[in-house]
Amino acid sequence: MTIMVNPDIAEIGKTSFIHDPREGDRSKITLTKAEGSYVWDESGKKYLDFTSQAWSNNLGAGDPRVIEAAIAQTRALTHARPTFNTPALLELTALLRSITPGDLNRIGYCLHGSSAVEMAMKLAFKNKPDAKHILVLQDAYHGRSITTMAASWPHPKNPFSAISPTFHRVPHPDAYRPRLGLTVDQDVDLCLQLMEDTITKGVDGGVAAIMVEPIMGNGGHIVHPKRYHQGLRDICDRHGILLIWDEIQSGFGRTGEMFAADWYGIQPDIMTFGKGVGGGFPLAGIFASDKLEHFEGGEDQLTFGHFPVAMAAAVACVKAIIDDNLCANARKLGDYATTRLEEMMDRRKLIGHIRGPALFVSCELVKDRETKEPSPRAASEVFRRGLEKGVIFGESRYLGLGNLIKIKPPLDCSMEDMATALDVFDEILGELEAEGIS
(Lines give C-alpha, C1' and ligand atoms only; values in the text may rest on other atoms or scores of the structure.)
Protein backbone atom coordinates (compact mmCIF):
# COMPACT_ATOMS: atom_id res chain seq x y z
CA MET A 1 0.00 0.00 0.00
CA THR A 2 1.28 3.46 -0.96
CA ILE A 3 0.07 6.38 1.15
CA MET A 4 -0.66 9.42 -0.99
CA VAL A 5 -0.51 12.98 0.32
CA ASN A 6 -2.77 15.77 -0.91
CA PRO A 7 -0.42 17.89 -3.11
CA ASP A 8 -1.57 21.18 -1.56
CA ILE A 9 -0.98 19.89 1.96
CA ALA A 10 2.38 18.42 0.91
CA GLU A 11 3.48 21.76 -0.54
CA ILE A 12 2.69 23.55 2.74
CA GLY A 13 4.73 20.98 4.60
CA LYS A 14 7.70 21.06 2.26
CA THR A 15 8.02 24.85 2.47
CA SER A 16 7.64 25.08 6.26
CA PHE A 17 10.59 23.11 7.67
CA ILE A 18 13.08 25.23 9.60
CA HIS A 19 15.84 22.83 8.51
CA ASP A 20 15.17 23.41 4.78
CA PRO A 21 15.26 26.45 2.49
CA ARG A 22 12.08 28.54 2.39
CA GLU A 23 11.26 27.15 -1.05
CA GLY A 24 11.70 23.61 0.28
CA ASP A 25 14.28 20.95 -0.50
CA ARG A 26 13.12 19.51 -3.82
CA SER A 27 15.74 16.75 -3.72
CA LYS A 28 14.05 15.04 -0.79
CA ILE A 29 12.11 11.85 -1.37
CA THR A 30 8.85 11.37 0.52
CA LEU A 31 8.93 7.86 1.95
CA THR A 32 5.62 6.09 2.50
CA LYS A 33 6.57 2.51 3.32
CA ALA A 34 9.53 0.38 4.46
CA GLU A 35 10.04 -3.36 4.60
CA GLY A 36 13.27 -5.25 5.12
CA SER A 37 15.99 -3.60 3.01
CA TYR A 38 13.48 -1.64 0.90
CA VAL A 39 11.64 1.67 1.07
CA TRP A 40 8.95 3.12 -1.23
CA ASP A 41 8.24 6.73 -2.16
CA GLU A 42 4.90 8.46 -2.73
CA SER A 43 4.85 7.49 -6.40
CA GLY A 44 5.25 3.82 -5.51
CA LYS A 45 8.89 3.63 -6.62
CA LYS A 46 10.88 1.01 -4.73
CA TYR A 47 14.44 1.56 -3.49
CA LEU A 48 17.09 -0.61 -1.90
CA ASP A 49 18.00 1.32 1.25
CA PHE A 50 21.72 0.83 1.82
CA THR A 51 21.77 3.44 4.58
CA SER A 52 19.46 1.46 6.87
CA GLN A 53 17.92 4.88 7.56
CA ALA A 54 20.98 6.43 9.20
CA TRP A 55 22.34 2.97 10.09
CA SER A 56 19.40 2.49 12.51
CA ASN A 57 17.66 -0.51 10.93
CA ASN A 58 20.24 -3.15 11.80
CA LEU A 59 17.21 -5.42 11.74
CA GLY A 60 15.36 -4.85 8.49
CA ALA A 61 12.49 -2.37 8.56
CA GLY A 62 9.07 -3.55 9.67
CA ASP A 63 10.17 -6.84 11.22
CA PRO A 64 6.90 -8.34 12.51
CA ARG A 65 8.44 -9.30 15.85
CA VAL A 66 9.34 -5.68 16.52
CA ILE A 67 6.04 -4.29 15.24
CA GLU A 68 3.92 -6.71 17.28
CA ALA A 69 5.93 -5.98 20.42
CA ALA A 70 5.47 -2.25 19.91
CA ILE A 71 1.74 -2.61 19.24
CA ALA A 72 1.22 -4.73 22.36
CA GLN A 73 3.14 -2.21 24.48
CA THR A 74 1.18 0.69 22.94
CA ARG A 75 -2.05 -0.93 24.03
CA ALA A 76 -0.76 -1.50 27.56
CA LEU A 77 1.28 1.62 28.41
CA THR A 78 2.80 4.29 26.18
CA HIS A 79 4.49 6.54 28.73
CA ALA A 80 5.98 6.40 32.20
CA ARG A 81 8.13 8.94 33.99
CA PRO A 82 11.73 7.86 34.64
CA THR A 83 10.92 7.67 38.38
CA PHE A 84 8.90 4.49 37.63
CA ASN A 85 9.88 1.07 36.35
CA THR A 86 7.99 -0.77 33.60
CA PRO A 87 8.19 -4.43 32.53
CA ALA A 88 9.71 -3.41 29.17
CA LEU A 89 12.38 -1.34 30.93
CA LEU A 90 13.35 -4.16 33.25
CA GLU A 91 13.35 -6.83 30.53
CA LEU A 92 15.45 -4.75 28.16
CA THR A 93 17.95 -3.86 30.87
CA ALA A 94 18.43 -7.50 31.84
CA LEU A 95 18.80 -8.48 28.17
CA LEU A 96 21.36 -5.77 27.44
CA ARG A 97 23.32 -6.55 30.58
CA SER A 98 23.65 -10.15 29.34
CA ILE A 99 25.49 -9.02 26.18
CA THR A 100 27.51 -5.98 27.25
CA PRO A 101 31.31 -6.36 27.27
CA GLY A 102 33.17 -6.85 30.55
CA ASP A 103 31.82 -5.01 33.57
CA LEU A 104 29.61 -2.53 31.68
CA ASN A 105 26.66 -3.51 33.83
CA ARG A 106 25.18 -0.10 34.65
CA ILE A 107 22.76 1.18 32.02
CA GLY A 108 21.12 4.54 31.33
CA TYR A 109 18.56 5.44 28.67
CA CYS A 110 17.50 8.37 26.49
CA LEU A 111 16.03 8.75 23.01
CA HIS A 112 18.86 10.15 20.85
CA GLY A 113 22.54 9.51 20.34
CA SER A 114 23.50 13.10 21.12
CA SER A 115 21.78 12.82 24.50
CA ALA A 116 23.56 9.52 25.15
CA VAL A 117 26.94 11.14 24.47
CA GLU A 118 26.07 13.99 26.82
CA MET A 119 25.05 11.44 29.46
CA ALA A 120 28.41 9.71 29.07
CA MET A 121 30.28 13.00 29.46
CA LYS A 122 28.21 13.95 32.52
CA LEU A 123 29.01 10.59 34.13
CA ALA A 124 32.71 11.08 33.39
CA PHE A 125 32.76 14.48 35.12
CA LYS A 126 30.62 13.06 37.95
CA ASN A 127 33.36 10.49 38.56
CA LYS A 128 36.28 12.88 37.95
CA PRO A 129 35.05 16.03 39.71
CA ASP A 130 38.45 17.73 39.72
CA ALA A 131 38.97 17.36 35.96
CA LYS A 132 38.10 20.02 33.42
CA HIS A 133 38.51 18.43 29.99
CA ILE A 134 37.36 15.69 27.66
CA LEU A 135 39.66 14.93 24.73
CA VAL A 136 38.22 13.92 21.36
CA LEU A 137 39.71 13.04 17.98
CA GLN A 138 39.96 15.06 14.81
CA ASP A 139 37.33 13.80 12.35
CA ALA A 140 35.20 12.57 15.26
CA TYR A 141 31.42 12.75 15.09
CA HIS A 142 29.38 12.59 18.29
CA GLY A 143 26.12 14.36 17.44
CA ARG A 144 24.46 17.69 16.70
CA SER A 145 23.39 19.07 20.07
CA ILE A 146 25.21 22.22 21.19
CA THR A 147 27.65 20.10 23.22
CA THR A 148 28.17 17.16 20.89
CA MET A 149 28.50 19.34 17.80
CA ALA A 150 31.41 21.06 19.52
CA ALA A 151 32.96 17.64 20.15
CA SER A 152 32.70 16.69 16.47
CA TRP A 153 34.74 17.54 13.37
CA PRO A 154 34.71 21.29 12.68
CA HIS A 155 31.55 22.59 11.03
CA PRO A 156 32.14 25.41 8.54
CA LYS A 157 30.54 28.66 9.68
CA ASN A 158 29.34 27.11 12.95
CA PRO A 159 26.89 29.74 14.28
CA PHE A 160 26.77 28.21 17.77
CA SER A 161 30.43 28.44 18.77
CA ALA A 162 29.79 31.35 21.14
CA ILE A 163 27.77 29.11 23.46
CA SER A 164 29.57 25.83 22.78
CA PRO A 165 31.94 24.16 25.23
CA THR A 166 35.58 23.77 24.24
CA PHE A 167 36.96 20.36 23.36
CA HIS A 168 40.55 19.55 22.51
CA ARG A 169 40.72 17.67 19.19
CA VAL A 170 43.73 15.38 19.03
CA PRO A 171 45.16 13.83 15.81
CA HIS A 172 44.45 10.16 15.12
CA PRO A 173 46.04 7.62 12.77
CA ASP A 174 44.66 6.97 9.29
CA ALA A 175 45.79 3.80 7.55
CA TYR A 176 45.02 5.29 4.11
CA ARG A 177 46.69 8.63 4.76
CA PRO A 178 49.47 8.18 7.36
CA ARG A 179 51.25 11.43 8.18
CA LEU A 180 54.52 12.65 6.69
CA GLY A 181 55.23 9.45 4.80
CA LEU A 182 55.15 7.39 8.00
CA THR A 183 54.17 3.75 8.13
CA VAL A 184 50.85 2.95 9.77
CA ASP A 185 52.64 1.75 12.91
CA GLN A 186 54.73 4.91 13.06
CA ASP A 187 51.59 7.02 12.64
CA VAL A 188 49.96 5.12 15.53
CA ASP A 189 53.01 5.79 17.72
CA LEU A 190 53.02 9.48 16.81
CA CYS A 191 49.31 9.92 17.53
CA LEU A 192 49.54 8.13 20.87
CA GLN A 193 52.45 10.38 21.83
CA LEU A 194 50.44 13.45 20.79
CA MET A 195 47.54 12.26 22.95
CA GLU A 196 49.81 11.83 25.96
CA ASP A 197 51.48 15.19 25.31
CA THR A 198 48.06 16.83 25.22
CA ILE A 199 47.21 15.31 28.61
CA THR A 200 50.48 16.32 30.25
CA LYS A 201 51.31 19.56 28.46
CA GLY A 202 48.36 20.74 26.37
CA VAL A 203 45.56 21.48 28.84
CA ASP A 204 45.17 23.40 32.09
CA GLY A 205 43.42 21.14 34.57
CA GLY A 206 42.91 17.40 34.55
CA VAL A 207 41.33 15.29 31.82
CA ALA A 208 38.18 13.41 32.79
CA ALA A 209 37.93 11.22 29.71
CA ILE A 210 39.13 10.43 26.22
CA MET A 211 36.10 9.95 23.98
CA VAL A 212 36.46 8.10 20.67
CA GLU A 213 34.44 6.25 18.07
CA PRO A 214 36.12 2.85 17.66
CA ILE A 215 35.41 3.19 13.94
CA MET A 216 34.90 6.81 12.92
CA GLY A 217 31.50 7.14 11.27
CA ASN A 218 30.51 10.45 9.69
CA GLY A 219 34.12 11.64 9.71
CA GLY A 220 35.17 9.07 7.13
CA HIS A 221 34.72 5.46 8.30
CA ILE A 222 38.30 5.44 9.53
CA VAL A 223 39.15 2.06 11.04
CA HIS A 224 41.82 2.44 13.70
CA PRO A 225 44.36 -0.34 14.27
CA LYS A 226 43.79 -2.34 17.45
CA ARG A 227 47.20 -1.22 18.70
CA TYR A 228 45.99 2.38 18.70
CA HIS A 229 42.95 1.57 20.82
CA GLN A 230 45.06 -0.53 23.16
CA GLY A 231 47.44 2.41 23.46
CA LEU A 232 44.57 4.73 24.40
CA ARG A 233 43.43 2.20 27.00
CA ASP A 234 46.94 2.11 28.47
CA ILE A 235 47.18 5.92 28.53
CA CYS A 236 43.85 6.15 30.35
CA ASP A 237 44.93 3.55 32.91
CA ARG A 238 48.25 5.26 33.61
CA HIS A 239 46.74 8.74 33.96
CA GLY A 240 43.55 7.81 35.78
CA ILE A 241 41.35 8.89 32.86
CA LEU A 242 38.09 7.28 31.74
CA LEU A 243 37.81 5.82 28.24
CA ILE A 244 34.48 6.52 26.52
CA TRP A 245 33.62 4.57 23.38
CA ASP A 246 30.88 6.02 21.19
CA GLU A 247 29.28 2.90 19.65
CA ILE A 248 26.08 4.53 18.43
CA GLN A 249 26.96 3.58 14.85
CA SER A 250 29.03 0.45 15.46
CA GLY A 251 26.88 -1.37 18.02
CA PHE A 252 24.44 -4.27 17.70
CA GLY A 253 26.10 -6.34 15.02
CA ARG A 254 27.27 -3.77 12.47
CA THR A 255 30.94 -4.88 12.83
CA GLY A 256 30.12 -8.59 12.72
CA GLU A 257 30.27 -8.75 16.51
CA MET A 258 27.64 -7.42 18.86
CA PHE A 259 29.86 -4.43 19.66
CA ALA A 260 33.10 -3.03 18.28
CA ALA A 261 34.50 -3.54 21.78
CA ASP A 262 34.06 -7.27 21.16
CA TRP A 263 35.59 -7.00 17.69
CA TYR A 264 38.66 -5.16 19.00
CA GLY A 265 38.85 -6.91 22.36
CA ILE A 266 39.16 -3.53 24.15
CA GLN A 267 37.29 -2.67 27.35
CA PRO A 268 36.04 0.93 27.68
CA ASP A 269 34.78 2.45 30.93
CA ILE A 270 31.66 3.96 29.37
CA MET A 271 30.05 3.06 26.07
CA THR A 272 27.25 4.86 24.26
CA PHE A 273 24.67 3.00 22.20
CA GLY A 274 21.73 3.88 19.97
CA LYS A 275 20.51 3.60 16.36
CA GLY A 276 20.44 -0.19 15.77
CA VAL A 277 19.04 -1.11 19.19
CA GLY A 278 15.44 0.03 18.70
CA GLY A 279 14.38 -1.70 15.50
CA GLY A 280 13.41 1.67 14.02
CA PHE A 281 12.10 3.16 17.27
CA PRO A 282 13.99 5.96 19.06
CA LEU A 283 16.25 4.67 21.81
CA ALA A 284 19.81 5.32 22.98
CA GLY A 285 21.84 5.31 26.17
CA ILE A 286 25.03 4.30 27.90
CA PHE A 287 26.67 1.24 29.40
CA ALA A 288 28.95 2.06 32.32
CA SER A 289 31.47 0.16 34.39
CA ASP A 290 30.44 -1.23 37.77
CA LYS A 291 33.28 0.72 39.35
CA LEU A 292 31.77 4.12 38.52
CA GLU A 293 29.58 6.16 40.86
CA HIS A 294 25.95 6.48 39.78
CA PHE A 295 23.95 9.64 39.11
CA GLU A 296 22.14 11.24 42.02
CA GLY A 297 18.50 12.24 41.74
CA GLY A 298 17.95 15.07 39.26
CA GLU A 299 21.40 14.88 37.66
CA ASP A 300 20.24 12.98 34.60
CA GLN A 301 16.53 12.42 33.98
CA LEU A 302 14.53 12.93 30.78
CA THR A 303 10.73 12.91 30.61
CA PHE A 304 10.64 10.37 27.78
CA GLY A 305 13.95 8.70 28.58
CA HIS A 306 12.17 5.44 29.49
CA PHE A 307 9.83 5.27 26.46
CA PRO A 308 8.09 1.90 26.96
CA VAL A 309 7.12 1.40 23.30
CA ALA A 310 10.72 1.82 22.13
CA MET A 311 11.94 -0.47 24.91
CA ALA A 312 9.51 -3.23 23.99
CA ALA A 313 10.58 -2.87 20.36
CA ALA A 314 14.24 -3.00 21.43
CA VAL A 315 13.71 -6.25 23.34
CA ALA A 316 12.29 -7.84 20.20
CA CYS A 317 15.01 -6.31 17.99
CA VAL A 318 17.97 -7.43 20.10
CA LYS A 319 16.52 -10.91 20.52
CA ALA A 320 16.06 -11.15 16.74
CA ILE A 321 19.67 -10.10 16.10
CA ILE A 322 20.78 -12.87 18.46
CA ASP A 323 18.27 -15.55 17.39
CA ASP A 324 18.82 -14.96 13.66
CA ASN A 325 22.61 -14.94 14.07
CA LEU A 326 22.81 -11.62 12.24
CA CYS A 327 26.37 -10.91 13.37
CA ALA A 328 27.47 -13.89 11.29
CA ASN A 329 25.31 -12.73 8.38
CA ALA A 330 26.90 -9.28 8.60
CA ARG A 331 30.33 -10.88 8.32
CA LYS A 332 29.26 -12.98 5.32
CA LEU A 333 27.70 -10.05 3.49
CA GLY A 334 30.65 -7.82 4.36
CA ASP A 335 33.15 -10.35 3.03
CA TYR A 336 31.20 -10.60 -0.21
CA ALA A 337 30.92 -6.82 -0.59
CA THR A 338 34.61 -6.28 0.12
CA THR A 339 35.62 -8.95 -2.41
CA ARG A 340 33.36 -7.39 -5.06
CA LEU A 341 34.70 -3.90 -4.35
CA GLU A 342 38.30 -5.10 -4.54
CA GLU A 343 37.57 -6.64 -7.94
CA MET A 344 35.83 -3.43 -8.96
CA MET A 345 38.83 -1.40 -7.83
CA ASP A 346 40.95 -3.09 -10.50
CA ARG A 347 38.69 -1.52 -13.14
CA ARG A 348 37.36 1.65 -11.51
CA LYS A 349 40.10 4.18 -10.82
CA LEU A 350 37.77 6.38 -8.77
CA ILE A 351 37.98 3.87 -5.90
CA GLY A 352 40.94 4.82 -3.75
CA HIS A 353 40.40 2.74 -0.63
CA ILE A 354 37.96 0.14 0.71
CA ARG A 355 36.95 -0.01 4.37
CA GLY A 356 35.32 -2.64 6.60
CA PRO A 357 34.63 -4.64 8.72
CA ALA A 358 31.44 -6.64 8.12
CA LEU A 359 28.57 -4.27 7.18
CA PHE A 360 30.53 -1.17 8.11
CA VAL A 361 31.50 -1.18 4.42
CA SER A 362 32.56 1.94 2.54
CA CYS A 363 34.95 3.10 -0.13
CA GLU A 364 36.74 6.38 -0.63
CA LEU A 365 36.46 8.02 -4.03
CA VAL A 366 39.51 9.94 -5.23
CA LYS A 367 40.49 12.02 -8.24
CA ASP A 368 43.92 10.41 -8.37
CA ARG A 369 45.19 7.30 -6.57
CA GLU A 370 48.73 8.63 -6.35
CA THR A 371 47.85 11.94 -4.70
CA LYS A 372 44.75 10.51 -2.96
CA GLU A 373 42.96 13.80 -3.62
CA PRO A 374 39.33 13.34 -2.49
CA SER A 375 36.50 13.49 -5.02
CA PRO A 376 33.37 14.88 -3.32
CA ARG A 377 31.79 15.48 -6.72
CA ALA A 378 31.99 11.80 -7.65
CA ALA A 379 30.49 10.82 -4.30
CA SER A 380 27.59 13.23 -4.76
CA GLU A 381 26.98 11.88 -8.24
CA VAL A 382 26.96 8.29 -6.99
CA PHE A 383 24.32 9.22 -4.44
CA ARG A 384 22.18 11.15 -6.98
CA ARG A 385 22.39 8.54 -9.72
CA GLY A 386 21.85 5.76 -7.22
CA LEU A 387 18.47 7.26 -6.37
CA GLU A 388 17.56 7.34 -10.05
CA LYS A 389 18.47 3.65 -10.34
CA GLY A 390 16.64 2.63 -7.15
CA VAL A 391 19.50 2.29 -4.66
CA ILE A 392 20.11 4.65 -1.74
CA PHE A 393 23.82 4.82 -0.90
CA GLY A 394 25.23 6.64 2.11
CA GLU A 395 27.61 9.60 2.03
CA SER A 396 30.03 10.97 4.60
CA ARG A 397 29.79 14.41 6.18
CA TYR A 398 27.21 16.75 4.65
CA LEU A 399 26.79 19.61 2.14
CA GLY A 400 28.91 17.69 -0.37
CA LEU A 401 31.99 17.84 1.86
CA GLY A 402 32.67 14.09 1.95
CA ASN A 403 34.08 11.70 -0.63
CA LEU A 404 32.99 8.42 0.93
CA ILE A 405 30.25 6.07 -0.26
CA LYS A 406 28.77 3.87 2.44
CA ILE A 407 27.26 0.45 1.77
CA LYS A 408 25.44 -0.37 5.00
CA PRO A 409 22.19 -2.27 4.50
CA PRO A 410 20.32 -4.03 7.33
CA LEU A 411 22.16 -7.02 8.75
CA ASP A 412 19.49 -9.35 7.35
CA CYS A 413 19.87 -8.04 3.80
CA SER A 414 19.86 -10.83 1.21
CA MET A 415 22.92 -11.71 -0.84
CA GLU A 416 20.87 -11.05 -3.99
CA ASP A 417 20.09 -7.49 -2.87
CA MET A 418 23.72 -6.87 -1.96
CA ALA A 419 24.78 -8.04 -5.42
CA THR A 420 22.18 -5.76 -7.06
CA ALA A 421 23.38 -2.70 -5.15
CA LEU A 422 27.01 -3.40 -6.01
CA ASP A 423 26.08 -3.86 -9.69
CA VAL A 424 24.44 -0.43 -9.63
CA PHE A 425 27.49 1.10 -7.93
CA ASP A 426 29.78 -0.43 -10.58
CA GLU A 427 27.52 0.86 -13.36
CA ILE A 428 27.51 4.40 -11.95
CA LEU A 429 31.31 4.47 -11.60
CA GLY A 430 31.57 3.39 -15.21
CA GLU A 431 29.29 6.26 -16.25
CA LEU A 432 31.34 8.79 -14.29
CA GLU A 433 34.59 7.59 -15.81
CA ALA A 434 33.11 7.68 -19.31
CA GLU A 435 31.97 11.28 -18.71
CA GLY A 436 35.32 12.32 -17.24
CA ILE A 437 33.85 13.12 -13.82
CA SER A 438 36.34 12.81 -11.00
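This is a predicted model: local features need pLDDT of at least 70, side-chain atom pairs count only at pLDDT 80 or more; totals for chains, interfaces and linings use all residues.
**A sheet, a crossing helix and a cavity**

In general, strands of a sheet pair through backbone hydrogen bonds, either parallel or antiparallel.

Now widen the view to the sheet itself. It is open and built from 4 strands, ordered β1-β2-β3-β16, with mixed pairing. At its edges you will find β1 (31-35) and β16 (391-392), each of which pairs on one side only.

Next, look for the helix that meets this sheet. Helix α13 lies across β2, β3 and β16, and runs at about 95° to β3. The helix covers residues 415-434, 20 residues in total, and spans 29 Å from its first C-alpha to its last, close to the 28 Å expected at 1.5 Å a residue. Its buried residues include Met418, Leu422, Val424, Phe425, Ile428, Leu429 and Leu432, and also Asp417 and Asp426. Just after α13, Gly436 takes a positive phi of about 70°.

A search of the whole structure turns up 1 cavity of 30 Å³ or more, and the largest cavity has a volume of about 30 Å³. Tyr38 is one of the residues that line it, among them also Val39, Asp49, Ser52, Gln53, Asn57 and Pro410. Both β2 and α2 (52-55) supply at least two residues each to this lining.

Conventions
Residues are numbered from 1 along each chain as its sequence is written. Side-chain values use heavy atoms; hydrogens and water are left out. The expected span of a helix is 1.5 Å times one less than its number of residues. Buried means under 20% relative accessible area, exposed over 50%, partly exposed in between (1.4 Å probe, protein chains only). Two strands pair if DSSP finds at least two bridges between them. Contact means heavy atoms within 4.5 Å. Axes are lines fitted to C-alpha atoms, for helices over the stretch in contact, and angles run from 0 to 180 degrees between N-to-C directions. On a 1 Å grid over the protein atoms alone, a cavity is a set of points where a 1.4 Å probe fits but cannot get out, and a pocket is an open set with protein on both sides within 12 Å along at least five of seven lines; lining residues have an atom within 4 Å of a point. Grid points are joined across faces, edges and corners, and a volume is the space filled by probe spheres set on the points.
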